Number of protein chains: 2
Amino acid sequence: MSEKKQEFSIQDYLNKNKEYFEHLLFELLRFPSVSAVPEHHQDCCRTAEWLERYFQKMGLSTKLIETDAHPLIYAETPVLEGAPTVMIYGHYDVQPTDPISEWETEPFLPTVRDGYVYARGASDDKGPLLSHILAVEYWMKSSQKLNLNWKFFIEGDEECGNGGTQNFVSQNSDLLACDYIVLSDSPQFAPGQPAITCGLRGNVYYQLDLTGANQDLHSGMFGGAITNPCNALTKILSKIQDENGQITVPEFYDDVQRITPERREQLEMLPFEEDEFYASVGVKEGFGETGFSVLERRWLRPSFDIHGLTGGYQGEGGKTVLPARASAKFSFRLVPDQDPQKITRSLNAFLQENCPPGIQMKLTSFGEGAGGLFIDTSSTCMQAAVRALEFGFGRSPFFICEGGSIPIISTFAQSLTPNIIMIGLSQSSDHAHGPNEHFSLTDFHRGIKTSMMLWRELASLS
Amino acid sequence: MSEKKQEFSIQDYLNKNKEYFEHLLFELLRFPSVSAVPEHHQDCCRTAEWLERYFQKMGLSTKLIETDAHPLIYAETPVLEGAPTVMIYGHYDVQPTDPISEWETEPFLPTVRDGYVYARGASDDKGPLLSHILAVEYWMKSSQKLNLNWKFFIEGDEECGNGGTQNFVSQNSDLLACDYIVLSDSPQFAPGQPAITCGLRGNVYYQLDLTGANQDLHSGMFGGAITNPCNALTKILSKIQDENGQITVPEFYDDVQRITPERREQLEMLPFEEDEFYASVGVKEGFGETGFSVLERRWLRPSFDIHGLTGGYQGEGGKTVLPARASAKFSFRLVPDQDPQKITRSLNAFLQENCPPGIQMKLTSFGEGAGGLFIDTSSTCMQAAVRALEFGFGRSPFFICEGGSIPIISTFAQSLTPNIIMIGLSQSSDHAHGPNEHFSLTDFHRGIKTSMMLWRELASLS
């Protein structure tokens, strides 16, 4: 079939099946698959079973894999020897719905208003995931066979982090072996302006506990003589970052991947206004590393944030206590090639060195942390994705980064392949984790169209 | 009556009424008169009413004086023309009880263990205050009339500073006119070693509130770009004191009364071991101003303590939030002749100067603060107090200072009389503001005995 004819065939298929696609999306959205809430365990299992049945109907062989929390779904198309393999990742679980009173319609009763479907999970991640499933179905039904194997790997614990999915990936690299990984769990740059995410920051999270005297003391009787853990906490934490926004922990920047001129240029091309960004969160200015733009500081440079401070008297009015304890939660966002374990060692030594006399210090890491990740934007598969998005959206995508962490992506890169294609179909204004989550039906259909072309483009690379 | 007989009569009265005194103390301790917590407002009022009724029963005329917060109690004995007047001051309100989980028994269910009564307010200040009330009751009942007028002035806002008691004193110097003021809201030097407090530090207490973005943000998406109020709080607070324990606010030390050789000598004579002091609160070393002894740092030098830190996520585990707000409560202890208002002005300018971009800062003073005070130890009334303590405790008292503040004392000195006699009945190990506050019943009874003799000694001065 000629390319033109095939493209006509894709558009024709999309037109004919528009209502069916939406019907299917609404069916999937009706499952209240809230992984963090134990009462919804069975709902999660039923969602997994629904997906498994759909894959079977498409002609894939499937496995429902039990975990400590919610089942994983693995599905694969009949093996085409010698063809490259793409693995599609997604998650069927959703965030809790509270505050429920702020929803305008029921979170698990999908409702269409102004071209958007409103439902929990519509944007994160059922809509985008289904786009890819439906695009694979097209090629499964097509008389033209693509030179491509598909695998689906779908989890039910992305929103709660309990299921040990990362461990499963590390331990099952044979089952999941692939040449490319495709997922859509990141936003477009702006409505109608698609994006490919090519960088993620890592994270390493700590709690610092300081203990002074063996009891709360009266600050009048003891102030000036006994070390105050609250004073000490502010002293110690204030030393982690200097006035220029630089983190002062020795060796912290040793392995930081410097920003290349190409990346800097990519960022500068983005239509991003710092003033508008600040105004969107109600401030006039911000604070970060001197010498870097706001986008560089959010995406390509490490950062240090205190997430919680707890110490002494927190009630109304005043209490002249010299507290026995104080604590803080804080984390570093990391960039390639920083090593969370090395940073924890340096940090611990730095804090011990700066711990004042009369204070006992305890530093606890939450988990092992994750490094940051940059994905090569010049690879042939990335260029294939660019062409697919141009076909689906009628516009070239931007290459963007994500300042947050998606820990499983690091595991994919380490265990499976560096060719990870993160295609943004949702919008950052979709209220992904808040009330009235929604997903644009236009984006849903553009996503299916993009994905249909992506498979052809990837197949043509080999 | 001869002196000997009278002393026998005092001891006899003490022996006969021991159980009654304790019963009365426990009754007073059962009121949860926490002035800083609005929910306890009625409990404070009930405590005041209980005291008023007791004074009426003793034969005093009373007034319950409404304030913006909790009522003041004024009571006076029938006027004896030409006799000197002593005013007894105390407070019926108590500190909050948190952390409540660290109490071994209920804070408002007085419990006796090993000769101590455990309850919030036992040591600060219900026990010591009641000692004086019961000693006055003895002389009211006695057939021998002392050449002395008594006034009681008892407040319910000492621990929260909200009631405008100081203003009341300044504006009612006629009602409260007196020749001597007696109070027991300071500690003994050591168990069984009485003390007269001849110096107090002042205090000026603040809350600092920082606001960043108009909502909590995701630290992955915003970290490195938006100023984090928790980070900012540690930065700002850490600048208030340097590594040598010196407070860095400009002009802070301008008016500090230097330590005279005489005072330094009085301090050096006291049997005080720094190691033992540290060990008593479970630490090996402390922190304070370089170049001063521990006692000097506690009594004769200003200090800076953070009493509370609050910001961001305080629950279990981790949350990657970039909080919208953070706050701290802190205070300076002041020495003569520092001016709280001048210090507040300097502090506010200093904090504004050090407030990072993207942060809104608000500094609130709790009350007007109070300066420090030194009292002349060579006066005749002070020598009378020495004799009373020798009678009550069988030992000569030490002259000590109090690192804490009794702001009202400065007002007394300014508005009423410099003859302020601060008799220590509690112990600094009583956990006055912490969990498991307690008061020695032996000290309670010694206090009554001392006070009974003090009235006779003061009456004999005229």
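**Notes on the salt bridges**

1. Start with Arg120(B) and Glu437(B): their side chains meet in a salt bridge, with N to O at 2.7 Å. Arg120(B) sits in the loop between β5 (116-118) and α3 (122-141) of chain B, and Glu437(B) in the loop between β17 (420-424) and β18 (438-440) of that chain, so this pair ties together parts 317 residues apart in sequence. Keep in mind that this is a predicted model.

2. Is Arg120(B) buried or exposed? Arg120(B) comes out at a relative accessible area of 0%, so it is buried. Glu437(B) is buried too, with a relative accessible area of 0%.

3. Now for a pair within a helix. Asp12(B) forms a salt bridge with Lys16(B), and their closest N and O atoms are 3.2 Å apart. Both residues belong to helix α1 (residues 3-29) of chain B, where they are four residues apart, or about one turn of the helix. Asp12(B) is partly exposed, at 27% relative accessible area, while Lys16(B) is exposed at 65%.

4. Over in chain A, the side chains of Arg113(A) and Glu104(A) meet in a salt bridge at 3.6 Å, N to O. Arg113(A) has 23% relative accessibility and so counts as partly exposed. Glu104(A), at 62% relative accessibility, counts as exposed.

5. One network to look at as well: salt bridges link Asp254(B), Asp255(B) and Lys342(B).

6. For the overall tally, how many salt bridges does the structure hold over all chains? There are 24. As background, side chains of opposite charge can pair when their charged atoms come close.

Terms used
Residues are numbered from 1 along each chain as its sequence is written. Chains are lettered from A and ligands numbered from 1 in the order in which they are written. This is a predicted model: local features need pLDDT of at least 70, side-chain atom pairs count only at pLDDT 80 or more; totals for chains, interfaces and linings use all residues. Side-chain values use heavy atoms; hydrogens and water are left out. A salt bridge is a side-chain nitrogen of Lys or Arg within 4 Å of a carboxyl oxygen of Asp or Glu. Buried means under 20% relative accessible area, exposed over 50%, partly exposed in between (1.4 Å probe, protein chains only). Helices (H or I, at least four residues) and strands (E, at least two) are DSSP runs, numbered from the N terminus.
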